[in-house]
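Here is a short briefing to read beside your structure.

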Amino acid sequence: MLRPLFQWCNSTWISVEIRDSTWMFAVVEIVHLLGLAVLLGSMVVLDLRLMGWGMRRQPVSRIARELGPWIHGGLAFMVITGALMFLSEAMKCYASPPFAAKMVLLSMAVVSHLAIFRQALRMEDSAPLPLWAKPAACLSLALWFGVGIAGRAIGFQ
C-alpha cells in the first residue's frame with residue numbers, strides 16, 4: 001500500500017541528487033547528527049531537572065523556557081535532514097524494521113514532548129515536582145534515545 005509512495009520518494013530529483021553526489025548525503029547526515037546532539041543534550045538537561053537530579057535551584061519552567069529554542073531547533077534540523085536522508089534511500093527504508101521503529105518512536109517522542117513541555121512551562125517556581133514529572137521524564141529519555149538507536153540501526157540494514 002505504501003510502496004508506490006516510497007518508490008515516488010526514491011525517484012524525486014532531490015533523492016537522485018543526494019544519491020549521485022559524493023558528499024551530499026554525508027553533509028546531510030552530519031547536520032542530522034548535530035541536530036540530534038542539540039535536541040538530546042537539551043532534553044537530558046530538562047528531563048534530569050524534572051527528575052529532581054540536577055539544577056535544583058532553577059525552576060523547571062525557566063529551564064524549559066530557556067531550552068525551548070534549542071530543543072525545537074534541534075528537532076527542526078533533524079526533521080528536515082531526516083526527510084532528505086529518507087528521500088535518498090526511500091526503498092531501503094521501505095523494508096527496514098529499524099526505520100519503522102524509528103518512525104513510531106519519533107511520533108511518540110514528539111507527542112510526549114509536547115505534553116511534557118507544555119506542563120513544564122506552567123510549573124510554578126516554588127512548587128514541588130508533581131507526581132507525573134519523574135515518570136514523564138524517564139519516558140521522554142527512553143523515547144528520544146530509542147529514536148537515536150533505531151536511527152543508527154537503519155545504517156546496518
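Rings of Phe, Tyr and Trp (its six-membered ring) count as a pair if their centres lie within 6.5 Å; planes under 30 degrees apart make a pair stacked, over 60 edge-to-face, and the rest tilted. By that rule, the structure holds 4 aromatic pairs. Please keep in mind that this is a predicted model, in which local features need pLDDT of at least 70 and side-chain atom pairs count only at pLDDT 80 or more, while totals for chains, interfaces and linings use all residues. Residues are numbered from 1 along each chain as its sequence is written, and side-chain values use heavy atoms, with hydrogens and water left out.

**Aromatic pairs**

- Phe-6 and Tyr-94 form an edge-to-face pair, because their ring centres are 5.3 Å apart and their planes stand at 65°.
- This pair links distant parts of the chain, with Phe-6 in helix α1 (residues 3–11) and Tyr-94 in helix α5 (residues 90–94), 88 residues apart; helices here are DSSP runs (H or I, at least four residues), numbered from the N terminus.
- Phe-86 and Phe-99 are stacked, since their centres lie 5.5 Å apart and their planes are at 15°.
- Here too distant parts of the chain are linked: Phe-86 belongs to helix α4 (residues 60–88) and Phe-99 to helix α6 (residues 97–122), 13 residues apart.
- Phe-6, Phe-86, Tyr-94 and Phe-99 come together in one aromatic cluster.

**Burial of these rings**

- Buried means under 20% relative accessible area, exposed over 50%, and partly exposed in between (1.4 Å probe, protein chains only).
- Phe-6 is buried at 10% relative accessibility, as are Phe-86 at 17% and Phe-99 at 12%.
- Tyr-94, at 34%, counts as partly exposed.

**Nonpolar cores**

- A nonpolar core is a set of buried Ala, Val, Leu, Ile, Met, Phe, Trp, Tyr and Cys residues joined through side-chain atoms within 4.5 Å.
- The largest one has 27 residues, of which Leu-39, Leu-46, Leu-50, Val-60, Ile-71 and Trp-144 touch the most other members.
- Helices α3 (24–51), α4, α6 and α7 (133–154) each give two or more residues to this core.
- Beyond its neighbours within four places in sequence, Ile-71 is in contact (heavy atoms within 4.5 Å) with Leu-39, Ser-42, Met-43, Leu-46, His-113 and Phe-117.
- A second, separate core of 10 residues includes Phe-6, Cys-9, Leu-87 and Ile-154.
- In soluble globular proteins, nonpolar side chains tend to be buried together.
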